[in-house]
Protein chains: 4
Amino acid sequence: MADLPLRKTRLAEPETPGLILTRRQRMGDQLYGQILEQIVSGRLPEGTRLPAEVDLCKMFGVSRPVVRQALQRLRADGLVHARQGSGTYVMARPAERLASFAQPQQVAEYLRSIEVRLVLEGSAARHAAERRSQTELTAIEAAHERFRLEAERGLMTPDADMAFHRAIAEASGNSFYASLLEHLHEAVTGFMNVSLHLTRTSPRERASQVLREHALILEAIKLQDPDSAQVTMQFHITQARRRMVDRSRDE
Amino acid sequence: MADLPLRKTRLAEPETPGLILTRRQRMGDQLYGQILEQIVSGRLPEGTRLPAEVDLCKMFGVSRPVVRQALQRLRADGLVHARQGSGTYVMARPAERLASFAQPQQVAEYLRSIEVRLVLEGSAARHAAERRSQTELTAIEAAHERFRLEAERGLMTPDADMAFHRAIAEASGNSFYASLLEHLHEAVTGFMNVSLHLTRTSPRERASQVLREHALILEAIKLQDPDSAQVTMQFHITQARRRMVDRSRDE
Amino acid sequence: MADLPLRKTRLAEPETPGLILTRRQRMGDQLYGQILEQIVSGRLPEGTRLPAEVDLCKMFGVSRPVVRQALQRLRADGLVHARQGSGTYVMARPAERLASFAQPQQVAEYLRSIEVRLVLEGSAARHAAERRSQTELTAIEAAHERFRLEAERGLMTPDADMAFHRAIAEASGNSFYASLLEHLHEAVTGFMNVSLHLTRTSPRERASQVLREHALILEAIKLQDPDSAQVTMQFHITQARRRMVDRSRDE
Amino acid sequence: MADLPLRKTRLAEPETPGLILTRRQRMGDQLYGQILEQIVSGRLPEGTRLPAEVDLCKMFGVSRPVVRQALQRLRADGLVHARQGSGTYVMARPAERLASFAQPQQVAEYLRSIEVRLVLEGSAARHAAERRSQTELTAIEAAHERFRLEAERGLMTPDADMAFHRAIAEASGNSFYASLLEHLHEAVTGFMNVSLHLTRTSPRERASQVLREHALILEAIKLQDPDSAQVTMQFHITQARRRMVDRSRDE
């Protein structure tokens with residue numbers, strides 16, 4: 001294992017304020033963070049093979065389930081990739097400035113909030129298409145317009161983005177969608193404020209992609225098409241995650 | 001409209017502490033509550049046809065969208081039923097004691113929390129089947145066992161039920177599932193404490209149904225079968241709603 | 001009703017070879033086709049209000065459920081739009097040449113095949129991400145490359161498109177996905193051969209959109225990301241339908 | 001590996017008439033069949049640990065991906081169970097008479113048809129709840145009644161069961177659901193005729209479970225409740241698979 005570039009540190013149990021995590025989750029997150037940090041910094045370049053599970057256990061002084069959880073999450077986040085019978089390889093590098101702006105723990109939490117938003121907002125968008133009143137539609141259109149104006153002036157604030165998503169949740173005819181979304185938003189708001197600076201795509205390119213995705217969601221809700229509303233919202237959320245970890249460069 | 005038993009009252013805009021609702025939602029909920037109360041009390045027996053939309057607007061001094069929202073929700077909750085080209089009929093009567101224990105607004109909120117739990121907990125159960133550790137499985141089994149013991153002693157507390165659902169959310173590898181579930185739970189906890197007394201099915205019969213559904217969810221998570229875990233959890237939640245409004249008696 | 005531009009014809013029951021339809025479905029499809037044809041030809045321009053349900057019944061000599069089915073399908077296809085309490089309006093016009101190339105019945109069948117493909121191929125893509133072997137991934141990549149080369153040369157054959165979708169179905173580890181997709185494909189193949197000429201977007205613009213969507217599906221399957229694979233496939237299929245009926249022009 | 005009860009045979013490539021399978025799928029199915037046969041016959045009792053992947057490769061002269069595919073399918077079917085860091089264990093035994101009545105390949109195909117029916121029929125039931133006419137509802141009720149009468153007389157033919165499912169597919173407003181279901185049905189009809197004799201649950205107990213599940217689906221479609229219709233249908237299908245492999249005995 002001598003030639004492996006992975007820096008090893010015995011993990012300490014971290015504090016995670018505001019979140020009740022099991023010990024395994026905390027340790028898994030720590031290991032996730034360690035590996036993420038080294039991918040971000042370039043110490044583990046794309047294409048590098050990670051040590052085998054059994055070696056990661058020894059290197060970091062953790063049990064097999066802790067290692068498995070960290071690897072599983074890195075895979076789910078599109079940062080590493082398991083090739084059958086061969087091992088786990090670094091797949092993508094998040095934006096370079098990530099390391100200086102955000103804690104790995106924050107990245108992990110942000111990616112987890114995305115996982116929940118996929119189902120929650122997909123369902124909210126479906127109900128909005130089924131139930132929105134004319135007033136609620138007008139509110140969604142206003143939020144879309146505000147975001148569009150900011151984007152065209154080179155701005156792209158999380159607030160304007162969030163206002164669009166909130167307007168849809170509020171049009172769902174079920175106020176819990178908006179309150180749960182708010183809850184998720186508060187948990188990651190600190191991170192979101194920096195994350196807009198962190199994606200590798202250029203701000204202008206990214207803004208036009210986000211705008212186009214928002215326009216498709218708005219159209220489906222306007223046309224009262226529940227299937228399209230759900231699918232375009234879920235597509236938008238998977239693409240948001242994708243822009244963050246930036247796993248494809250050949251597009 | 002003279003022969004219609006529906007008591008009419010001009011609606012006042014109610015207070016809904018802790019929830020941000022649009023005016024239309026608040027008025028729609030009020031109307032929903034008025035009709036629900038009269039169904040519960042038996043003043044609107046099963047099989048009765050409700051007044052036409054246009055007449056409901058006049059009777060309650062509200063706009064068409066408000067009436068539509070109230071009817072849509074009554075339909076979604078299985079309390080009334082639209083027959084094409086004929087009108088809307090009372091379909092089911094919730095448990096009789098509902099009227100004395102709970103506010104219609106609480107019933108509306110409870111049914112809305114169910115709608116969100118369907119997607120949220122379905123997804124949590126899927127992830128729990130994919131990711132649960134042995135320790136997390138043991139915690140789910142312990143919660144199941146505790147609920148089983150209470151049920152066999154004729155008790156069935158919301159706490160024991162909630163503990164089972166929480167243990168699954170905590171096994172999902174994503175702590176947001178548990179915190180959002182907690183958030184939903186707190187919003188309806190007052191109602192849930194009385195709701196167990198409100199379903200029409202006998203406590204013993206209901207307890208054995210709930211237990212059987214819990215056992216199927218547990219089995220799917222134990223066997224690491226994500227599809228079955230999601231489907232059995234979603235089935236359990238639709239049945240919980242069904243037991244509340246008790247729309248079928250011929251089973 | 002005199003000022004309504006809708007041409008009325010008493011419907012005859014049509015032949016639908018190879019498909020077992022109920023009488024109501026057949027009549028509903030006929031009416032759907034009548035209205036679609038008049039939208040396509042421009043006789044019913046965008047923004048026109050359709051006659052009320054009761055008037056459509058009289059005009060075409062059909063029952064209320066037949067009218068409802070036709071309107072529901074036109075709505076689901078994004079061709080008309082119901083405004084609450086006001087009526088049904090023409091929303092979008094399919095490509096102009098549609099009328100000369102395809103029978104309305106073929107359009108109806110094509111849109112129905114899309115509805116099933118949404119769930120079927122979404123699920124196949126999810127399983128492909130979970131289970132594909134290296135060989136199966138290579139086959140998907142080859143099909144993608146073949147489609148890309150054709151598209152760059154200004155061609156875009158249904159065969160090359162279908163080959164990409166088939167390669168994914170074959171990587172699902174369940175051969176039924178491929179055989180059901182084949183079954184669907186055969187039912188609409190005649191129509192698909194002309195449909196590529198029928199969308200309003202320019203061939204080059206459309207080709208690059210389709211390519212980009214295919215690339216996202218391929219990436220998700222390559223990275224073994226089941227959620228993204230399902231969502232990007234479902235997004236692609238909703239967009240295919242959208243390009244056909246071309247309901248938005250302001251993008 | 002000497003103490004392992006697994007009988008080893010070098011696999012020959014089998015014929016699978018009517019299905020286009022890749023070589024890997026064919027080999028994986030063969031291995032699946034070998035292991036299934038030995039579980040059914042009791043040569044591999046519940047609780048037995050299977051040989052490691054690398055040893056299975058040597059024993060059967062197949063590559064690692066072939067072994068992985070066979071194990072993955074056995075896991076998905078609830079026949080074996082992977083314990084993290086420990087190995088794969090026999091979990092459940094299908095009905096004993098399975099070995100004499102059905103080829104393992106037939107069992108594999110049947111379980112695969114179930115996987116597709118989960119999404120296909122879930123979607124059909126949702127659309128049936130949204131779109132069924134009164135006539136279509138009556139047809140579903142008639143099919144339900146016919147099945148009920150047979151079940152009460154101790155019969156339970158696949159035909160009566162299939163007629164219920166077909167009536168729902170036909171009420172979906174999209175004739176492709178019925179034709180694809182027919183296609184799936186024909187592929188496994190030979191097996192389904194014997195499978196009713198193969199489940200471990202007693203015929204009478206099973207009939208009453210199936211009836212109850214059908215009644216819940218019917219109720220949801222009658223009440224025009226799309227969510228419940230989809231969820232109860234998907235629950236029914238997961239339970240059908242469960243009754244076949246009979247993985248729980250302590251219920």
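Reader: How do you know which residues of chain A and chain B are in contact, and how many are there?

Author: Contact means heavy atoms within 4.5 Å, and by this rule 34 residues of chain A are in contact with 34 residues of chain B. This is a predicted model, in which local features need pLDDT of at least 70 and side-chain atom pairs count only at pLDDT 80 or more, whereas totals for chains, interfaces and linings use all residues. Residues are numbered from 1 along each chain as its sequence is written, chains are lettered from A in the order in which they are written, and side-chain values use heavy atoms, with hydrogens and water left out.

Reader: What makes an area count as buried between chain A and chain B?

Author: Buried area is the accessible area (1.4 Å probe) that two parts lose on being put together, summed over both; for chain A and chain B this comes to about 2,900 Å², of which carbon and sulfur atoms give 56%. Of the area that chain A buries against chain B, Arg131(A), Phe176(A) and Leu180(A) supply 21%, more than any other three residues.

Reader: What makes Glu115(C) and Arg131(D) a salt bridge?

Author: Their closest N and O atoms are 2.7 Å apart, and the rule finds two salt bridges across the interface of chain D and chain C.

Definitions and conventions
A salt bridge is a side-chain nitrogen of Lys or Arg within 4 Å of a carboxyl oxygen of Asp or Glu.
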